[in-house]
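Let's take a walk through a protein model together. Have the picture ready to turn as you read.

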Amino acid sequence: MQYVIIGIVLLIILLAILKANKKDANLDFNKLVEALGGKDNIIDTEIMLSRFKVTLKDVTKANKEAIQKLGAKGIVEIDNQLKIILGPNSKQLKKYIDDLK
């Protein structure tokens, strides 16, 4: 009986942690959109595995240091595009930006 109670408590703690991380991810996405120059600066987005490619109206508005502080493992700038290595969050970020527009 004690093991069942301990298991339930651990499950509740795990669910609380997962829920908190999900909220933090949304906050990071907001900050990331701002670091890209805001939603009005974003023309198009694409994902390729762990890479997030974004086409911007004005690439000078993007704050690359802020993007790296938010978890990017690398950023490559080509013309008006940024290719950002984000890992598994790329797909979620694209969906988030698509929902903003």
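In what sense do strand 3 and strand 4 pair, and over how many bridges? Strand 3 (residues 74–78) and strand 4 pair in the antiparallel sense, over five bridges. Here, helices (H or I, at least four residues) and strands (E, at least two) are DSSP runs, numbered from the N terminus, and two strands pair if DSSP finds at least two bridges between them.

Before going on, a word on the model itself. It is a predicted model, in which local features need pLDDT of at least 70 and side-chain atom pairs count only at pLDDT 80 or more, while totals for chains, interfaces and linings use all residues. Residues are numbered from 1 along each chain as its sequence is written, and side-chain values use heavy atoms, with hydrogens and water left out.

Back to strand 4, which also pairs with strand 2 (residues 51–56), in the antiparallel sense and over five bridges.

Now look at what surrounds Ile84. Leaving aside neighbours within four places in sequence, the residues in contact with Ile84 (contact means heavy atoms within 4.5 Å) include Leu36, Phe52, Val54, Ile67 and Ile75. This brings us to the largest nonpolar core, which has 19 residues. A nonpolar core is a set of buried Ala, Val, Leu, Ile, Met, Phe, Trp, Tyr and Cys residues joined through side-chain atoms within 4.5 Å. Leu36, Phe52, Val54, Leu56, Ile67, Leu82 and Ile84 touch the most other members. Helix 1, strand 2, strand 4 and helix 3 each supply at least two residues of this core, and the largest share, four residues, comes from helix 1.

Beyond its neighbours within four places in sequence, Lys53 is in contact with several residues, among them Asp44, Glu46, Gln81 and Lys83.

Next come the charged pairs. Side chains of opposite charge can pair when their charged atoms come close. The structure holds four salt bridges, a salt bridge being a side-chain nitrogen of Lys or Arg within 4 Å of a carboxyl oxygen of Asp or Glu. One of them joins Glu77 and Lys64, with the closest N and O atoms 2.2 Å apart. Glu77 lies in strand 3 and Lys64 in helix 2 (residues 64–69), so this pair ties together parts that are 13 residues apart in sequence. Glu77, at 38% relative accessible area, is partly exposed, and so is Lys64, at 34%.

Asp99 forms a salt bridge with Lys95, with a closest N to O distance of 3.2 Å, and both residues are exposed.

What about the loops? Most residues other than glycine have a negative phi, and most peptide bonds are trans. Leu49, in the loop between strand 1 (42–48) and strand 2, has a positive phi near 55°, and counts as exposed at 82% relative accessibility. Asp79 takes a positive phi near 55° in the hairpin of strand 3 and strand 4, which has two residues between the strands. Asp79 counts as exposed too, at 68% relative accessibility.

Met1, Tyr3, Ile5, Ile6, Val9, Leu10, Ile13 and Ile17 make a nonpolar surface patch of about 900 Å². Such patches are made of residues with over 30% relative accessible area and no salt bridge: like charges are joined within 9 Å, nonpolar side chains (Val, Leu, Ile, Met, Phe, Trp, Tyr) within 5 Å. The accessible areas come from the Shrake-Rupley method with a 1.4 Å probe, and for residues only the protein chains shown count as cover. Take Ile6 as one of the members: Ile6 lies in helix 1 (residues 2–35) and is partly exposed, with a relative accessible area of 47%.

Notes. Buried means under 20% relative accessible area, exposed over 50%, partly exposed in between (1.4 Å probe, protein chains only).
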